[in-house]
Amino acid sequence: MLKLNRVRQLRTTYKRCLAGQSQLQLNSTDAEPVYPEIQDPSFKARKQKDAANWHEEIRQVPTVEEKMIKINMPRYYGFKVVDFNDSKIPYNALPLTQHYTRTVLEDLPSETEKKAQAQDSEQEQQQPSEDGLFKAARGDVIDALEFAHDYYKHLEKQPNSAESNPVERERILTQIIVEQLNRALLQSLSEEYKHLDELEVDYNPRHEAFWAVGGVDPPKNVQKSKKGREWQKDMANDSVDRLVQYTGAPYLALRHRKQLSPWKTEQESENLELSKQLPRFKHDPRTLGYSTKHQHATNVPGYWPKENEHNFGLLSFQSRAHLQIRPKSFGEQDQLEALHALAIKSSYAWLLAQANYNGFNTYNELTYPMNTQTVITNGREWSFYEYQLNTLLLHGTNVAENPRVNFCRGTKPLPLYAEISASGKCVDFNDTALRHLLNFYANAPSIQRSIGEQQPYVASDVSAYENAEQRDFINKTFKYLASNRPRHLELPEIYLWEKLYKIDNKNRAMEAKRRFFELNINPWQRTLDTHDKEYVPRAVRPDVPKNKNRFKKTYYP
């Protein structure tokens, strides 16, 4: 009887619920019912949704350091990345560089064109004129060049100076020239251009940047893996994303609190037709000569993240010494394209790293443009470039659907001087090259944004956390990832005899299966937080029970 009564009670409750729902529907004031969005249940749609959710999770992370940790969470041993650097440019690298940075290449306007464009603007007053300021700067630059060459000769005569190759000799000489010219120009122009007094100067800074690029053909192993699965056969030839890691160290970098003014308008930057005309390099980058490696994603613009700091680059000086070892059979045109490719990827990477410290990354789009200036030199020949970063979204379908493009404009190599005579005097000094250099220094940053506008996706700072243990954990983890040190536990290895007798040929069936490949464990899929926690000694935790809080807490985002 108890069971029957309980069943009657459940039926009565169910009828009341149905009556209440029908009454609510009848009394609804909405003219049309609102239905939830129909979700695409296909495998590809679910993967895209998971990726979009992960990108949103990165955007919601409150601090810059935790955003970088969040990006590295999927891989304990790091990502497989294309090795972009400032010391290797293969043959025909410009189309790939434009594709991997979404950059349109233009020519830098000449002096006459700039004057014509700036006749009715305030920019004309900011350029160094033909008066005593230019003559004084010219004299100081010539003196700095002569002193740099004399000092380099003195270094070569030292008894402990080892014989170096031509590339290293050019790097040493160019480093001396760039430092002396920077010192001379700051002294000559700082009185007229006050922004030069506020600059931060970085000598041989560390510039690194990480981003994802879509529209690349899948490798053979990915195609074979997808063809072996019934639900992925149709997607075996679909383009995939390649991860890129840039590493560079310029001679010199100048930073300022304010931003440079953009030279492209928002309408010019958002041009879908122009983006479709960009070169597309769908082949594997290893076909050109680039290599791949495994490492954690790092974004370092030469300094650690800090609020109200000099977070915007004004000018950087890049090396072209490695071009000496490129075969001459590549031709002069490819040599010029190599300079353009170096300017594009070094400028893009430096701006991307700066944007990362403001809360943006390769998965979260910029809300305002960023600009910088780049000089590539060997001491005698100088190339001048200006770069404007408008977009960071290059992954997935953004290759075809993103209307924004980045812009780079530059000059051909211009000789600053012909040679240094035997008497140590500068011969055939070129005023045109000096004028380009002076214009770069005289280009005053004028855009200053509020913290909310500058960092819209950064809600807090690590120093604002009240928990000291949490602050220490985030700082240590972030700097350990940025150091690119190897993990304490190395990646497990498959020995040759195991490949022969256990994988290729099943000849050891009676042996216990203890190795990771026998247990279907993929070490590359290990996440960043998969590790043993640090033990806390009993003496350090006297006020808690014996079996509690034995390990330190982790604060992964």
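Two strands are taken to pair if DSSP finds at least two bridges between them, helices (H or I, at least four residues) and strands (E, at least two) being DSSP runs numbered from the N terminus. The structure is a predicted model, in which local features need pLDDT of at least 70 and side-chain atom pairs count only at pLDDT 80 or more, whereas totals for chains, interfaces and linings use all residues. Residues are numbered from 1 along each chain as its sequence is written, and side-chain values use heavy atoms, with hydrogens and water left out.

By the pairing criterion, S4 and S5 run antiparallel and are joined by eight bridges. Both strands belong to an open sheet of five strands with mixed pairing, in the order S7-S1-S5-S4-S8. The edges of this sheet are formed by strand S7 (292-295) and strand S8 (300-301), each of which has a single partner strand, so that one side of each is left without a neighbour in the sheet. Strand S4 (residues 207-216) pairs with S8 in the antiparallel sense over two bridges. His-207 stands opposite Pro-301 in S8, and His-207 also stands opposite Gly-248 in S5. Helix H12 (residues 332-357) packs on the sheet, where it touches strand S1 (79-85), S4, strand S5 (240-248) and S8, contact meaning heavy atoms within 4.5 Å. The direction of H12 makes about 105° with that of S4, the axes being lines fitted to C-alpha atoms, for helices over the stretch in contact, and the angles running from 0 to 180 degrees between N-to-C directions.

Asn-398, which has its place in helix H13 (residues 398-401), counts as buried at 17% relative accessibility. When neighbours within four places in sequence are left aside, Asn-398 is in contact with Arg-102 and Leu-393.

Nonpolar cores were defined as sets of buried Ala, Val, Leu, Ile, Met, Phe, Trp, Tyr and Cys residues joined through side-chain atoms within 4.5 Å. The largest nonpolar core has 45 residues, and those with the most contacts inside it are Leu-145, Phe-317, Trp-382, Leu-416, Phe-429 and Tyr-441. Two or more residues are given to this core by each of helix H7 (132-156), helix H8 (166-189), strand S6 (252-256), strand S9 (312-319), strand S11 (381-389) and helix H14 (431-442). Beyond its neighbours within four places in sequence, Phe-317 is in contact with Val-178, Pro-250, Tyr-251, Leu-252, Val-375, Trp-382, Leu-437 and Tyr-441. A second, separate core of 40 residues includes Ala-209, Ala-341, Leu-351 and Cys-408, and Cys-408 counts as buried at 1% relative accessibility. Cys-426 also counts as buried, at 17% relative accessibility. A search of the whole structure finds zero disulfides, a disulfide being a pair of cysteine sulfur atoms within 2.5 Å.

The search for salt bridges, each a side-chain nitrogen of Lys or Arg within 4 Å of a carboxyl oxygen of Asp or Glu, finds 25 in the whole structure. One of them joins the side chains of Glu-208 and Arg-206 at 2.8 Å, N to O; Glu-208 counts as buried at 5% relative accessibility, whereas Arg-206 is partly exposed, with a relative accessible area of 31%. Another links Glu-365 with Arg-404, the closest N and O atoms being 3.9 Å apart. Because Glu-365 lies in the loop between H12 and strand S10 (370-377) and Arg-404 in the loop between H13 and strand S12 (406-410), the pair ties together parts that are 39 residues apart in sequence. Glu-365 counts as buried at 15% relative accessibility. The side chains of Arg-508 and Glu-511 meet in a further salt bridge (2.5 Å, N to O), with Arg-508 partly exposed at a relative accessible area of 39% and Glu-511 partly exposed at 30% relative accessibility.

Terms used
Buried < 20%, exposed > 50% of the residue type's maximum accessible area, 1.4 Å probe, protein only.
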